[in-house]
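Hi everyone, thanks for coming.

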Amino acid sequence: MAVTTYTLPKLPYPYDALEPSISAQIMELHHSKHHQAYVTNLNKALQSYSTAVGAGDIAAQIALQPSIRFNGGGHINHSLFWQNLAPVSSADAKPDAAPALMAHISNTWGSYDKFKSAFSAALLALQGSGWGWLVKESQGGLRIVTTKDQDPLVGGEVPVFGVDMWEHAYYLQYLNGKAAYVENIWNVINWKVAEQRYHGGPNDAFSVLKSSM
């Protein structure tokens, strides 16, 4: 059984590119340490799973599935997250970089500001660690969803953009001020990427993972 080995994807910008919304210290730690740990542990789990399959050890295969889900989800979620962020000075960080998506958002929530309020409220309502996502459903509608821990979106929905609500994403800069982190994350959303994902399907969004194989 051939085993795919994953690597840490490069960021599309320097570590300090998202300041002051997200500090260089956070970005470097988040990317080079936390994301790298998910990749390392995913590769170990996949190798062990392959060995278990070859040995016909069903119990070991079952025991490894939580690790594959957690670390694989961490790799998927972060790979998507890095791509859906952009420097505040970039034209890609302006909502008008996503005209079709913005029109759909306004039609669904009444206005962009009302959408921001609803999304921010969902993020702040998360208990413990998790993620908030704007997704395009298979029928084409938009909705806000939250996922626990590192659970990935693998149900056929398109992750238009996501926000990491684990403490490691903000604590060094914002301490326990989650609301300030959420307020400032809007300054660095890559709306150009969000528009591209909105027009595409799940395979298009998850193609970002190919660069780490």
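Predicted model: local features only at pLDDT ≥ 70, side-chain atom pairs only at ≥ 80, totals over all residues.

Residues are numbered from 1 along each chain as its sequence is written, and side-chain values use heavy atoms, with hydrogens and water left out.

UniProt, in an unreviewed entry, places "Manganese/iron superoxide dismutase N-terminal" at residues 5-86. That span is 71% helix and 0% strand, with its end C-alpha atoms 28 Å apart. The C-terminal domain of that name is placed at residues 100-197, also from an unreviewed entry. Here we have 44% helix and 21% strand, and the end C-alpha atoms lie 11 Å apart. Do keep in mind that such annotations may be inferred rather than shown by experiment.

Now, which residues does Ile 185 touch? Leaving out residues up to four places away in sequence, Ile 185 touches Ile 22, Phe 81, Leu 85 and Val 163, with contact meaning heavy atoms within 4.5 Å.

On to the helix ends; helices are DSSP runs (H or I, at least four residues). Ser 23 sits in the segment before helix H1 (24-55). Ser 23 counts as buried because its relative accessibility is 14%, and buried means under 20% relative accessible area (1.4 Å probe, protein chains only). Its side chain reaches the backbone nitrogen of Ile 26 at 3.2 Å. Ser 23 also touches Tyr 15 and Gln 173, again not counting residues up to four places away.

Finally, Asn 190 caps the N-terminal end of H7, with a side-chain oxygen 3.1 Å from the backbone nitrogen of Lys 192.

Terms used
Helix = DSSP H or I, 4+ residues; strand = E, 2+ residues; numbered from the N terminus. Polar contact = N/O pair within 3.5 Å; in protein donor to acceptor, adjacent residues only side chain to side chain. Buried < 20%, exposed > 50% of the residue type's maximum accessible area, 1.4 Å probe, protein only.
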